[in-house]
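Let's take a walk through this one, starting from a single side chain and working out to the strands. Keep the 3D view open as you read.

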Amino acid sequence: MALEFFGHPFSSYCQKVLVALYENDTPFTFRHIHFDGSDPATLDEFSTRWPLRRMPLLLDGGQPVVESSIIIEYLGLHHPGPVRLLPDRPEPALEARLLDRFFDNYIHTPLQKIVFDAIRQPEQRDAKGVTEARATLDTAYAWADRRLEGREWAVGEGFSLADCAAAPALFYADWAHPIPEDLPRLRAYRARLNAHPSFARAIDEGRPYRQFFPLGAPDRD
């Protein structure tokens with residue numbers, strides 16, 4: 001039975017998994033989730049399969065697999081392709097997992113804090129939380145720039161799980177809190193990710209929805 005992917009093309013965590021699927025040309029059916037009521041059957045199935053309703057969700061023969069990092073590792077175990085997104089050797093695999101968590105926890109999470117705050121009504125906004133999120137991003141950007149010295153991809157052994165996490169995280173984070181000019185390695189890494197075919201495809205598929213980015217999507221990407 002074909003894989004079914006429940007998600008939205010503009011969602012950063014969905015793009016993280018889409019990069020993994022596209023990287024290996026893994027066949028799947030995209031179940032586009034609409035929260036506006038235009039496709040209640042898909043939304044109802046998604047909600048039933050995963051009551052927390054956090055995208056993405058992968059169905060494999062009816063078996064639900066959730067959480068983006070777990071989905072990518074699951075694909076490597078059960079639907080492997082030519083690109084090994086988790087290195088075979090233990091130490092590089094551990095580093096890939098570390099950097100996956102870094103990009104999720106210290107780029108993605110503060111980014112979402114800023115974005116979700118912009119969606120709220122003015123009287124419900126959390127200025128202190130946004131300030132803290134921006135400070136976290138500044139620290140994380142500087143750390144990542146140092147870590148990338150001499151590297152094309154996050155882990156030295158080729159494109160990996162860590163890069164799947166980094167691509168959408170850095171893409172949207174730079175919109176919300178631009179990467180400083182004095183961090184050239186991180187800026188160049190983001191540019192390489194944007195040009196990488198699997199993520200470039202995900203970027204293009206998300207273009208029709210850019211008007212929904214609450215802080216305004218720049219024209220530069």
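Start with a polar contact: the side chain of Arg-31 meets the side chain of Glu-45 at 2.9 Å. Bear in mind that this is a predicted model. You'll find Arg-31 in strand S2, which covers residues 28-32.

Is Arg-31 buried or exposed? Its relative accessible area comes out at 17%, and because the cut-off for buried is under 20%, Arg-31 counts as buried. As for what sits around this arginine, leave aside residues up to four places away in sequence, and Arg-31 touches Glu-4, Phe-5, Phe-6, Gly-7, Thr-42 and Glu-45.

Now for strand S1, made of residues 3-7. If you want a landmark, look at Leu-3, whose bridge partner in S3 is Asp-60.

That brings us to S3 itself, residues 57-60. Which way do its side chains go? Leu-57 and Leu-59 point one way, while Leu-58 and Asp-60 point the other way. Whichever way they point, all four residues are buried, Asp-60 included.

S3 also pairs with strand S4 (residues 63-66), again through four bridges and with the strands running antiparallel. Here the pair to pick out is Leu-58 and its bridge partner in S4, Val-65. S3 and S4 form a hairpin with two residues between the strands. Take a look at Gly-61 in that hairpin: the glycine adopts a positive phi near 60°.

Notes:
Residues are numbered from 1 along each chain as its sequence is written. This is a predicted model: local features need pLDDT of at least 70, side-chain atom pairs count only at pLDDT 80 or more; totals for chains, interfaces and linings use all residues. Side-chain values use heavy atoms; hydrogens and water are left out. Buried means under 20% relative accessible area, exposed over 50%, partly exposed in between (1.4 Å probe, protein chains only). Two strands pair if DSSP finds at least two bridges between them. A polar contact is a pair of N or O atoms within 3.5 Å; within protein, one must be able to donate a hydrogen and the other to accept it, and residues adjacent in sequence count only if both atoms are side-chain atoms. Contact means heavy atoms within 4.5 Å.
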